[in-house]
Amino acid sequence: MTANAICERRRILTGIRPTGPLHVGHYAGALENWVKLQRSYDCYFLIADYQVSDFVGDSSRVRNAVWEVALDWLAVGLDPNDASFVIESTVPEHAELMTWLAWFIPIGMLERNPTLKAEMEAIDDPADAMTKGKSVSVAFYIYPVMQVANILMFRAHLVPVGDDQLPHVELTRETARRFNRDVKAIFPEPDALVGRVPRLVGTDGDVKMSKSRGNTIDLKDSAEIVARKVRVMYAGPPRGAREPGSVAENPVFLYLDAFDPDVAHVMDLKERYERTGVSNKELKDRLTTVLNELLEPMRERRAKYDSNPSLVREALEQGMQRGRAIARETMAMVREALDLDYFRKR
Ligand code: TRP
């Protein structure tokens, strides 16, 4: 790829908070799109370490999680020669840009942000086992503003994310509009792109797959672990193997819809399930096969990088350099637009 070709491509910025291993919900909701888009866009994938709560006093956990995210990305087939992997805090200009942009964001937009509201309620909830005894920090409250800075720093055109991130992309568009209108038109208004399966239910049937609930199937799970997790998966109200059931009540079908490439076979299973009944074992065996076929190539790629950590480090260093180059450009534009040259001759 020549330098010119890179300049001509439209830009993608998206990211993930490094909190642990990524799961098949991340894949169907976002990563699958990223892999498809990486050759047609100039892509920047951000590991958002400024945006993880619990950082202070537990930096080894964050360091491990950063590494884990990079490995997961390499495993799903993101190519660090096509795309740039950027650790957020290695481009500290994000913090500076956030400070300026925060002046363009009305506080009401944070107060009404539904994703932020739900996350803060979970943190405040004394019954939430993960966050017990914690309260919401200022840093958590303003993470959507940091995310605005991430996206605008890279002057991105497209932000492929899970559907819970849509309010943050809307906040970004609004901030860009205001800055462009009131200061100088330097930021594209980015579009969001949601993956094929906006939200995958957890293996326990909960509305969302999440690490804190322990209801995930992780990209790095072995074939045996996948088989075990599927075997104990929630499969609707109790039902005999030869008793008809309701497809809508059995989340195993949501997984088959999401991952089984043989659509005709899934249709046949659904039809038989409602007419004569299909055993949960048959459904789950099929799901195990499908998931393991999806994950096997990822396991192979992961093994290659696992045994060659210098490749991972190189990918992160290269991404950092590319990220810094763009941040320097953007910050020069922003400072010029804000007319911040205090030492200019009067
Ligand atoms: N907040 C996102 C998440 O929790 C991660 C993220 C950080 C992000 N910066 C971003 C996503 C910029 C898109 C664009 O998944």
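## Close-ups of a predicted model

**Close-up 1. Arg 17 and its salt bridge to Glu 119.** Arg 17 is partly exposed, with a relative accessible area of 24%. In this predicted model, Arg 17 pairs up with Glu 119 in a salt bridge, and their closest N and O atoms sit 2.9 Å apart. Arg 17 comes from the loop between β1 (11–16) and α2 (24–37), while Glu 119 belongs to helix α6 (residues 114–124), so the pair ties together parts that are 102 residues apart in sequence.

**Close-up 2. Glu 88, buried without a salt bridge.** Look for Glu 88 in the loop between β3 (84–87) and α4 (93–101). The nearest side chain of opposite charge is that of Arg 17, and it is 9.0 Å away. What Glu 88 does have is a polar contact, side chain to side chain, with Asn 150 at 3.0 Å. Leaving aside neighbours within four places in sequence, Glu 88 is also in contact with other residues, including Leu 46, Tyr 50, His 94 and Met 146.

**Close-up 3. Phe 259 in the largest nonpolar core.** This core has 60 residues, and Phe 259 is one of those touching the most other members, along with Val 24, Leu 31, Phe 45, Trp 73, Leu 219 and Tyr 255. Setting aside neighbours within four places in sequence, Phe 259 itself contacts Val 24, Ala 28, Leu 200, Val 290, Leu 291 and Leu 294. Apart from this core lies another, of 40 residues, with Tyr 44, Ile 105, Met 120 and Leu 171 among them.

**Close-up 4. Phe 179 in helix α9 (residues 166–182).** Phe 179 is buried, with a relative accessible area of 0%. Not counting residues up to four places away in sequence, Phe 179 touches Leu 101, Phe 104, Lys 184, Ile 186, Phe 187, Val 334, Ala 337 and Leu 338. Trp 100 is 79 residues away along the chain, yet its C-alpha atom and that of Phe 179 are separated by 9.9 Å.

Close-up 5. The structure holds 32 salt bridges; elsewhere, a network of them links Glu 170, Arg 173, Glu 174, Arg 177, Arg 178, Glu 189 and Asp 191.

Conventions
Residues numbered from 1 in each chain as written. Predicted model: local features only at pLDDT ≥ 70, side-chain atom pairs only at ≥ 80, totals over all residues. Heavy atoms only, no water. Helix = DSSP H or I, 4+ residues; strand = E, 2+ residues; numbered from the N terminus. Buried < 20%, exposed > 50% of the residue type's maximum accessible area, 1.4 Å probe, protein only. Lys, Arg positive; Asp, Glu negative; His and termini not counted. Salt bridge = Lys/Arg side-chain N within 4 Å of Asp/Glu carboxyl O. Polar contact = N/O pair within 3.5 Å; in protein donor to acceptor, adjacent residues only side chain to side chain. Contact = heavy atoms within 4.5 Å. Core = buried A, V, L, I, M, F, W, Y, C linked by side-chain atoms within 4.5 Å.
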